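Here's a quick briefing to read alongside the model. Have the viewer open and click along as you go.

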Amino acid sequence: STQSTGQKKERARRSKKKPKKKVKKPLPEALDFCLDLLERLMDEDLADPFNAAVDPTALGLTDYFDIIKRPMDLGTIRTKLLNSEYQNIHQFASDVNLVWSNAILYNPPSSYVYKNAKKLDLLFKQKFVQAEKLIQLAPFAQRLMLQEKLLDLKDRIERLEFNFSELKSSDALKNGILAHEISVYG
């Protein structure tokens, strides 16, 4: 062949199809709130053992998959949130609760992991209840903001109408100076 090895490699490199990047859709507001809650949880000092999947081989946990049928970790939950794999906040909460229940099931009550799972479970439940309330109130808050804007617009219109009526009755108008403007506007 007349092509050098370098040319063949270059041609092969260029001909390889580049993987398509997934276009990430913005999260619905409720799940965006869940992502924020999850990231705060992951930043907790106690959360370190839960932020990545358990590696039973590296940890010498030969019976891990005999006991834990559905492994879950906070990092996987974060990925699922970012990939829009949750349909609602309750699916998200179910996975977070699975992290804690797996840790509590597998580890002895005296262990660091068990104790931290219990603490984080309580913290998550408290924060999630708050999140649920805020999510439920969000549509009402949006409606309230729109109503406030509408009232503000009505107030402005009333002030403009008042100013216009004052203008109509002024001496300048009576003298015909603004007759043209009145014929155009009203």
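Start with burial: 25% of the 186 residues in the chain are buried. Keep in mind that this is a predicted model. In secondary structure terms, the chain has nine helices and zero strands.

**Overall picture**

- Going along the sequence, you get the pattern α-α-α-α-α-α-α-α-α.
- The chain exposes about 14,000 Å², and 57% of that comes from carbon and sulfur atoms.
- If you take contacts between residues at least 6 apart in sequence, 65% of them join residues at least 24 apart.

**The largest nonpolar core**

- As general background, nonpolar side chains in soluble globular proteins tend to be buried together.
- Here, the largest nonpolar core has 26 residues, and the members touching the most others are Leu74, Ile77, Phe92, Trp100 and Phe124.
- Helices H2 (29–43), H5 (74–82), H6 (89–106) and H7 (112–168) each put at least two residues into this core.
- H6 gives the largest share, with eight residues.

**How H5 and H6 pack**

- A pair of packed helices is described by the angle between their axes and the distance between the axes.
- For H5 and H6, the axes come within 10 Å and cross at roughly 170 degrees.
- Angles over 145 degrees count as roughly antiparallel, so H5 is roughly antiparallel to H6.
- On the H5 side, the contact is made by Leu74, Ile77, Lys80 and Leu81, while H6 brings Phe92, Asp95, Val96, Val99 and Trp100.
- Sorted by type, the residues of the H5 contact with H6 come out as seven nonpolar, no polar and two charged.

- Which residue here has a positive phi although it is not a glycine? That's Ser84, with a phi of about 55 degrees.
- For context, most residues other than glycine have a negative phi.
- Ser84 sits in the loop between H5 and H6.
- Is Ser84 buried, exposed or partly exposed? Ser84 has a relative accessible area of 26%, so this residue counts as partly exposed.

Note on methods: Residues are numbered from 1 along each chain as its sequence is written. This is a predicted model: local features need pLDDT of at least 70, side-chain atom pairs count only at pLDDT 80 or more; totals for chains, interfaces and linings use all residues. Side-chain values use heavy atoms; hydrogens and water are left out. A nonpolar core is a set of buried Ala, Val, Leu, Ile, Met, Phe, Trp, Tyr and Cys residues joined through side-chain atoms within 4.5 Å. Buried means under 20% relative accessible area, exposed over 50%, partly exposed in between (1.4 Å probe, protein chains only). Helices (H or I, at least four residues) and strands (E, at least two) are DSSP runs, numbered from the N terminus. Axes are lines fitted to C-alpha atoms, for helices over the stretch in contact, and angles run from 0 to 180 degrees between N-to-C directions. Angles under 35 degrees count as roughly parallel, over 145 as roughly antiparallel, 65 to 115 as roughly perpendicular and the rest as oblique. Contact means heavy atoms within 4.5 Å. Ala, Val, Leu, Ile, Met, Phe, Trp, Tyr, Cys and Pro count as nonpolar, Asp, Glu, Lys and Arg as charged, and the others, Gly among them, as polar. Accessible areas come from the Shrake-Rupley method with a 1.4 Å probe; for residues, only the protein chains shown count as cover.
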